[in-house]
Amino acid sequence: MLKRIEDWNYYELLSVERTASQDEIWAAYQAALTTYRDGSLAVYGLVTEAERGLILERIQEAFQTLRDAKKRKDYDLALLRHAAYFPPKAPFRKSVGKVEIEDIPPKNTLWARLRRIFFRNP
Amino acid sequence: MDKRIWAIGGGKGGTGKSFVAASLGLHLASLDREVVLVDADLGAPNLHTLLGIKASHPDLGDFLTNNVPSLEEAAVETPYRGLRIVKGSENILFIANLNHYKKLRLLRQLRQLKTQNVILDLGTGSSFNTLDFFLSANPGVVVATPEPTAIENTYLFLKSCIMRVLKLYMDHYKIQDLHQKMLDQIEKNSQSLYGFFKSLMENDRSYGTILYRALRAFRPCLVMNKTRDERDVLLGRSVADVARKYLLIDMKYLGAVPYDDDVHESLRGLKPFYLEHKDSAAARAIRQMSEELAYSIEFTLRTPPEIRLPDV
């Protein structure tokens with residue numbers, strides 16, 4: 001995972017899991033603001049003013065997106081389209097090709113319905 | 001079970017490296033563990049004073065000058081059950097300028113010590129000796145204080161460690177020509193480490209991958225010492241986050257040790273603070289930190305690869 005700060009996604013930027021609750025996001029946002037605020041000791045000697053401004057802007061953007069349920073859903077979908085995501089705490093991975101297979105409801109197509117009628121154990 | 005070697009280091013003097021090392025040693029010994037504290041601060045040793053012990057022989061200098069055959073024999077008993085110490089040498093001047101073979105011998109003998117826990121108290125600065133001792137440990141603990149000078153030196157120390165790790169791997173894989181390129185490039189700005197890896201990945205992906213994995217295996221811990229309020233405690237977390245983003249290393253924040261005037265008093269009385277004030281907030285923080293270090297499955301499972309030192 002070699003990425004420039006500009007390429008970090010909002011979750012990486014705030015150092016939270018993608019399953020983080022609103023409270024966790026709020027806490028992470030506050031922590032990030034403390035880290036990159038003006039005159040912060042944490043960036044002393046390593047990060048320039050311009051870089052600090054840039055990352056602070058990105059953090060605001062990340063928080064504005066993740067606090068809004070609809071915006072967050074759209075963002076998550078966009079991320080998923082880009083690359084599959086597996087929660088790190090999952091005990092095992094069911095499939096590598098499909099995304100979160102256990103969350104996908106069974107398909108209710110015509111063929112599936114016919115199969116249920118004609119075959120007892122489809 | 002694996003031998004645990006912890007190194008307590010940092011870029012700036014006076015941050016409390018020896019204090020943290022002594023307190024961790026005393027805490028582990030109080031849990032009936034066998035611990036050897038090694039005063040590897042070759043230039044200015046004083047770990048024994050923090051434990052209330054007078055300087056005496058044999059010490060590390062005797063081992064380095066071959067007066068005692070092994071480090072095991074230089075590890076002397078202390079008044080505290082389970083705790084032994086290899087004292088630093090105050091009699092042999094210029095011992096800090098260890099040559100390569102003496103350093104290798106010391107590193108080898110550290111691994112052969114007959115104890116489960118070894119705690120190295122390192123000196124200040126970013127000399128190759130200090131860095132190699134720090135990198136040989138699993139994990140290395142950086143002690144900082146909430147002051148701009150200490151933070152600045154902490155980042156410098158971490159950068160030096162990173163450069164050293166990459167240099168060792170470059171030497172091992174016979175790609176020394178990359179080293180000068182790295183030195184030229186990395187000094188530029190905070191994003192330069194990323195820039196270096198990016199260009200390396202584009203030019204030679206296999207070496208880029210090796211070096212990047214080496215960098216990710218370097219996982220130091222951070223302790224914020226002498227904190228006075230909640231802001232100082234949070235600063236440690238922020239520093240770990242900044243190191244993760246800009247220096248690309250996985251740094252773990254172990255916690256903060258609050259400032260305590262009694263540390264000074266204990267030192268004047270030549271008595272170990274940890275045993276004198278077991279119920280103080282600072283002692284509690286040390287206990288919590290040692291548990292974090294000792295029981296962290298993460299660190300026992302993901303041990304870094306053995307670093308082979310370059311031959312001279």
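The contact between the chains draws 17 residues from chain A and 22 residues from chain B; two residues are in contact if their C-beta atoms, placed from the backbone, lie within 7 Å. On the chain A side, helix α2 (residues 22-36) of chain A gives the largest share, three residues. Helices (H or I, at least four residues) and strands (E, at least two) are DSSP runs, numbered from the N terminus. By class, the chain A side holds nine nonpolar, six polar and two charged residues. Here Ala, Val, Leu, Ile, Met, Phe, Trp, Tyr, Cys and Pro count as nonpolar, Asp, Glu, Lys and Arg as charged, and the others, Gly among them, as polar.

The model is predicted: local features need pLDDT of at least 70, side-chain atom pairs count only at pLDDT 80 or more, and totals for chains, interfaces and linings use all residues. Residues are numbered from 1 along each chain as its sequence is written, while chains are lettered from A and ligands numbered from 1 in the order in which they are written.

Chain A has five helices and zero strands. Of its 122 residues, 16% count as buried, that is, with 20 or more other C-beta atoms within 10 Å of their own, C-beta atoms being placed from the backbone. Of the contacts in chain A with a separation of 6 or more, 42% join residues 24 or more positions apart.

The largest nonpolar core has 112 residues. Such a core is a set of buried Ala, Val, Leu, Ile, Met, Phe, Trp, Tyr and Cys residues joined through C-beta atoms within 7 Å. Helix α7 (residues 148-172) of chain B supplies the largest share of this core, eleven residues. Among the residues with the most contacts inside the core are Leu14(A), Ile8(B) and Leu222(B). Beyond four places in sequence, Ile8(B) is in contact with residues including Val20(B), Leu120(B) and Val141(B).

In strand β7 (residues 221-227) of chain B, seven of seven residues are buried. Four bridges join β7(B) in parallel to strand β6 (residues 140-144) of chain B; strands pair if DSSP finds at least two bridges between them. Val142(B) stands opposite Leu222(B). Six bridges join β7(B), also in parallel, to strand β8 (residues 252-258) of chain B. There, Asn225(B) stands opposite Val257(B).

Technical notes:
A residue is buried if 20 or more other C-beta atoms lie within 10 Å of its own, exposed if 12 or fewer, and partly exposed in between; C-beta atoms are placed from the backbone.
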